Amino acid sequence: MPRAARERIAAGLLLGLALVIALALPNAARADPRDAFLAGATRDCPRCDLHGAALKRHDLTGADLAGADLTGATLHDAKLVGAKLAGANLTGANLNKADLSRADLRGATLKDAMLYAARLDRAVLADADLTSVSLGTARAIGADFTGAVLRGADLRRARLPDADLSHADLSGAWLDFVQARGAKLRGAVLTGASLGQAELIAADLSHARLTDADALEANLRDADLTGADLTRTRLWKANLFQAKLDDAQFDDTMMPDGTMRP
């Protein structure tokens, strides 16, 4: 074959390949990241619509799901260690037994979410909305809940040693049998909360609001209650040995021996 003919054929093939690539690129750009995520091709899907997604036992370690819509999603026993979930909407999601250790959930919405027996060690939930969330028996060692909303939350038997709940809203929350040794609850709102037999040894409750809270048999040994509002707080049979009560506000408060103060 003459050389000129060979060159024309080669040029034609190159042109055809270029056209194929040019047509394929827009299609790739238009590929739905949600489909790729659900197919397991990627762990990242920030701001995706994943409401109702079935992700039970999925390994999403380090996944980027910031701002994603995960309302009603099933993430039971999923692995979300170090996952980015800041600003995500997890309303009504099933996260029972999920591992969210070191996950970033800042500003996330978890209203009515289920996190029974979930692991949240060193997770960041600052300013998150956890209204009526179920955290029974969950473990959140050293977790950051600063400024979080936990109104009506169920934290019975949860393990929260060294967790930071400073300025969190725990109004009406259930904290019976919670293990929160050394936890920080500075300025927290615990109005009407149930703290029966809670372990709050050496916890910082300075300037916390415990109005109408029930701390029956709670262990507050070495706790800091400086400036706390104990109006109508029930402390019957509570352990206040060496607790700091400087400037605490007492008004119709039931003390450990059953007497009322003042």
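Analyst: Trp174 has a relative accessible area of 41%, so Trp174 is called partly exposed. That label covers values between the 20% limit for buried and the 50% limit for exposed. This is a predicted model.

User: Where is Trp174 found, and what does Trp174 touch?

Analyst: Trp174 is found in the loop between α2 and β1. Not counting residues up to four places away in sequence, Trp174 touches Gly152, Ala153, Asp154, Leu155, Arg156 and Ser194. A contact here needs heavy atoms within 4.5 Å.

User: Why is Leu50 called buried?

Analyst: The relative accessibility of Leu50 is 0%, and therefore Leu50 counts as buried. The limit for that label is under 20%. Leu50 lies in the loop between α2 and β1. Leaving aside neighbours within four places in sequence, the contacts of Leu50 include Phe37, Leu38, Cys45, Leu65 and Leu70. Leu50 and Leu65 are 15 residues apart in sequence, and their C-alpha atoms are 9.6 Å apart in space.

User: What makes Leu65 stand out in the largest nonpolar core?

Analyst: The largest nonpolar core has 82 residues, and of these Leu65 and Leu150 touch the most other members. Joining such a core takes side-chain atoms within 4.5 Å. Among the residues that Leu65 touches, not counting those up to four places away in sequence, are Phe37, Cys45, Leu50, Leu60, Leu70, Leu80 and Leu85. Arg43 and Lys84 are also on the contact list of Leu65.

User: Why is Arg57 called exposed?

Analyst: Arg57 has a relative accessible area of 54%, so Arg57 is exposed. The label needs a value over 50%. Arg57 has its place in the loop between α2 and β1.

User: What is noted about the backbone of Arg57?

Analyst: The phi of Arg57 is near 60 degrees, a positive value in a residue other than glycine. Gln197 also has a positive phi, about 55 degrees, although it is not a glycine. Gln197 is found in the loop between α2 and β1. Its relative accessible area is 41%, so Gln197 is partly exposed.

User: What makes the peptide bond from Arg261 to Pro262 worth a note?

Analyst: That bond is cis, with omega near -5 degrees. Pro262 is found in the segment after β4 (260–261).

User: How do you know that there are cavities, and how many are there?

Analyst: Rolling a probe the size of a water molecule over the atoms shows where empty space is left. A cavity is a set of points where a 1.4 Å probe fits but cannot get out. By this rule there are 2 cavities of 30 Å³ or more. The largest cavity holds about 90 Å³ of space. The second largest cavity has a volume of about 50 Å³.

User: What kinds of residue line the largest cavity?

Analyst: The lining of the largest cavity has 12 nonpolar residues, no polar and no charged ones. Leu155, Val178, Ala180 and Leu205 are among them. Leu, Val and Ala count as nonpolar, so these residues fall in that class. The second largest cavity has a lining of 9 nonpolar, no polar and no charged residues. That lining includes Leu195, Ala215 and Leu235.

User: How many helices and strands does the protein chain have, and how much of the chain is buried?

Analyst: The protein chain has 2 helices and 4 strands. From the N terminus on, the elements run α-α-β-β-β-β. Of the 262 residues in the chain, 43% are buried.

Key: Residues numbered from 1 in each chain as written. Predicted model: local features only at pLDDT ≥ 70, side-chain atom pairs only at ≥ 80, totals over all residues. Heavy atoms only, no water. 1 Å grid on protein atoms, 1.4 Å probe; cavity = no way out; pocket = protein on both sides within 12 Å on 5 of 7 lines; lining within 4 Å. Points joined across faces, edges and corners; volume = space filled by probe spheres on them. Buried < 20%, exposed > 50% of the residue type's maximum accessible area, 1.4 Å probe, protein only.
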